[in-house]
Amino acid sequence: MSKGLLIVLSGPSGVGKGTVCNALRGKMDNLVYSVSATTRVPRIGEENGVNYFFKSHDEFKYMMENEQLLEYAEYVGNYYGTPRDFVEETLQSGKDIILEIEVQGALKVKEKFPEGIFIFLLPPSLDELKDRICGRGTETQATIDHRLSVAVDEIGLVGHYDYAVVNDQIDEACKRIESIVIAEHCKVRG
Ligand SMILES: Nc1nc2c(ncn2[C@@H]2O[C@H](COP(=O)(O)OP(=O)(O)O)[C@@H](O)[C@H]2O)c(=O)[nH]1
Ligand SMILES: Nc1ncnc2c1ncn2[C@@H]1O[C@H](COP(=O)(O)OP(=O)(O)O)[C@@H](O)[C@H]1O
């Protein structure tokens with residue numbers, strides 16, 4: 001059996017990564033979502049083990065020091081990391097896995113998995129990004145401002161990615177990502 005594809009989806013806070021990933025989960029049978037560990041406090045409605053594995057700083061440090069994380073990064077005051085075993089086991093089983101992670105982590109994954117597919121989700125405009133992150137209502141004004149200033153730097157790194165997908169309409173963005181994955185499965189690899 002051939003190994004699955006490792007897909008990385010990045011994009012600024014509020015662009016719609018979580019929304020698009022949820023929509024893809026219902027459409028792509030062979031696609032598994034990597035659940036990250038984080039020290040961030042859960043938002044209302046988020047479930048441990050579904051959205052994230054919510055960890056204390058000590059628990060996260062233990063995972064870091066015991067090489068349980070494929071990559072990790074600090075983002076706007078919290079740590080986020082990808083549990084390694086789950087990614088490797090999923091790929092071995094022939095399923096595709098999608099990692100929804102920020103840019104520093106994505107670049108570390110690229111060093112380890114240069115064959116991965118790196119997709120950057122872009123907002124239609126910075127004003128629309130601001131409206132989405134404010135409209136979600138999960139962050140304080142200070143956190144929104146911090147995330148928006150990070151967003152500008154993140155968007156500047158789009159050149160490190162293989163594909164850029166604008167999330168104008170959720171269905172359209174999903175279709176583009178599905179098409180990328182289908183094409184990558186058809187690719188002749190050396
Ligand atoms: N490097 C890395 N980044 C992650 C991981 N999990 C989530 N992130 C990213 O961390 C950033 C903040 O995530 P979150 O607090 O959920 O905010 P959101 O992007 O506004 O939904 C986002 O860019 C996520 O994609 C991970 O395991 N590793
Ligand atoms: N294509 C879209 N058009 C309009 N609103 C969207 C779109 N995609 C996502 N949203 C909304 O934007 C907000 C941020 O989306 P979310 O998935 O939480 O972003 P992220 O995970 O990238 O931080 C949510 O309120 C979501 O419903």
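## A pairing in the sheet

Val 8 has Leu 99 as its bridge partner in β7. That pairing belongs to a set of four bridges joining β1 (residues 6-10) to β7 (residues 96-100), two strands that run parallel. Strands here are DSSP runs of E of at least two residues, helices are runs of H or I of at least four, and both are numbered from the N terminus. Two strands count as paired if DSSP finds at least two bridges between them.

Zoom out and you get an open sheet of five strands, ordered β2-β7-β1-β8-β9, with parallel pairing. At the edges sit β2 (31-33) and β9 (163-166), each pairing on one side only. From one strand to the next, the twist averages 25°.

## About the model

This is a predicted model, where local features need pLDDT of at least 70 and side-chain atom pairs count only at pLDDT 80 or more, while totals for chains, interfaces and linings use all residues. Residues are numbered from 1 along each chain as its sequence is written, chains are lettered from A and ligands numbered from 1 in the order written, and side-chain values use heavy atoms, leaving out hydrogens and water.

The chain averages a pLDDT of 96, with 99% of the residues scoring at least 70; pLDDT is the predictor's confidence in each residue, from 0 to 100. For the complex, the predictor gives an ipTM of 0.98 and a pTM of 0.97.

## Helices across the sheet

Helix α4 (residues 103-112) lies across β1, β7 and β8 (117-122), at about 160° to β1. Helix α7 (residues 170-186) lies across β1, β7, β8 and β9, at about 155° to β9. Angles run from 0 to 180 degrees between N-to-C directions, with axes fitted to C-alpha atoms, for helices over the stretch in contact.

Which residues of α7 are buried? They are Ala 173, Cys 174, Ile 177, Ile 180, Val 181 and Glu 184 (buried is under 20% relative accessible area, exposed over 50%, partly exposed in between, with a 1.4 Å probe and protein chains only). They share one side of α7 because they cover an arc of only 120° around the axis, taken from the directions from the helix axis to the C-beta atoms. On the other side, Asp 171, Ile 182 and Cys 186 are exposed.

The buried residues of α7 pack against β1, α1 (17-25), β7, β8 and β9, contact meaning heavy atoms within 4.5 Å.

## Ser 10

Back in β1, Ser 10 is buried, with a relative accessible area of 0%. Among the residues Ser 10 touches, not counting those up to four places away in sequence, are Lys 17, Glu 102, Ala 106, Phe 120 and Tyr 161.
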